[in-house]
Amino acid sequence: MISVVTQHGTSFKGLTAYLMHDIGSRYSAERVAWTHTHNLATDDPQKAWKVMVSTAKSQAELKAEAGVKNTGRKSNAHVMHYVLSWHPKEHGEYRREDMIDAALASMTYLGVSEGEKLGKKVTAKRTQRGIEHQAVIVCHDEGPGKNPHVHVMLNRVHPEHGVMLPDSKDYEKLSAWALDYRRAEGKEHLCPE
């Protein structure tokens, strides 16, 4: 299992277009095996990204309704994108449900616990995990000999209180999750780095 975290972005629409189509074509989607939404009222990724945009744009109102001060560093990098990739030898070994479970489990590793250090003088005021956020999971299957993988598009703005999901050490957290995941399966971690 390899986890790859990309730089946080600002466009749910642009990332959805990339995830839902073949490279170089906005009309074909042969590599998309399936999609799954999490904490969204729709199963349609084309509607889901619009809901995610609405949530991100409502950040100040969500904070006000939850009684959270609208302070702190401002960011419009609401889009988190990462990939979970299995080894090409494992093509066909994992069912859709297994891959969804893996993606959801990985989301529990993202975020912070109350009191955890975020910076030199800043500590987290609340426990907040990625599993609480809105997400679209897209599986790409490019056939035997290619690595099966899922993309996770996560809205960093919490849908209830509007606080942005901290992104401190995401790569290390997902790497630790991948190692634990393989150990729990009783399998060798095929990417020791």
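## Helices α4 and α5 and strand β2

The buried residues of helix α4 pack against β2, β3, β5 (128-129), β6, β7 (149-155) and α5; buried means under 20% relative accessible area with a 1.4 Å probe, protein chains only, and contact means heavy atoms within 4.5 Å. Helices (H or I, at least four residues) and strands (E, at least two) are DSSP runs, numbered from the N terminus. This is a predicted model, in which local features need pLDDT of at least 70, side-chain atom pairs count only at pLDDT 80 or more, and totals for chains, interfaces and linings use all residues. Residues are numbered from 1 along each chain as its sequence is written, and side-chain values use heavy atoms, with hydrogens and water left out.

**Helix α4**
- Its 14 residues reach 21 Å from first C-alpha to last, close to the 20 Å expected at 1.5 Å a residue, where the expected span is 1.5 Å times one less than the number of residues.
- The buried residues of α4 are M99, I100, A102, A103, L104, S106 and M107.

**Helix α5**
- In α5 (residues 170-185), D170, K173, L174, W177, A178, Y181 and R182 are buried.
- Seen down the axis of α5, these residues fall within an arc of 165°, so they line one face of the helix; the arc is that of the directions from the helix axis to the C-beta atoms.
- Their cover includes β1 (2-5), β3 (79-85), α4 (96-109) and β4 (111-112).

**Strand β2**
- Because 5 of the 7 residues of β2 (residues 32-38) are buried, the strand is largely enclosed by the rest of the structure.
- β2 pairs with β6 (residues 135-140) in the antiparallel sense over 6 bridges; pairing requires at least two DSSP bridges between the strands.
- T35 stands opposite V138 in β6.

Terms used:
Buried < 20%, exposed > 50% of the residue type's maximum accessible area, 1.4 Å probe, protein only.
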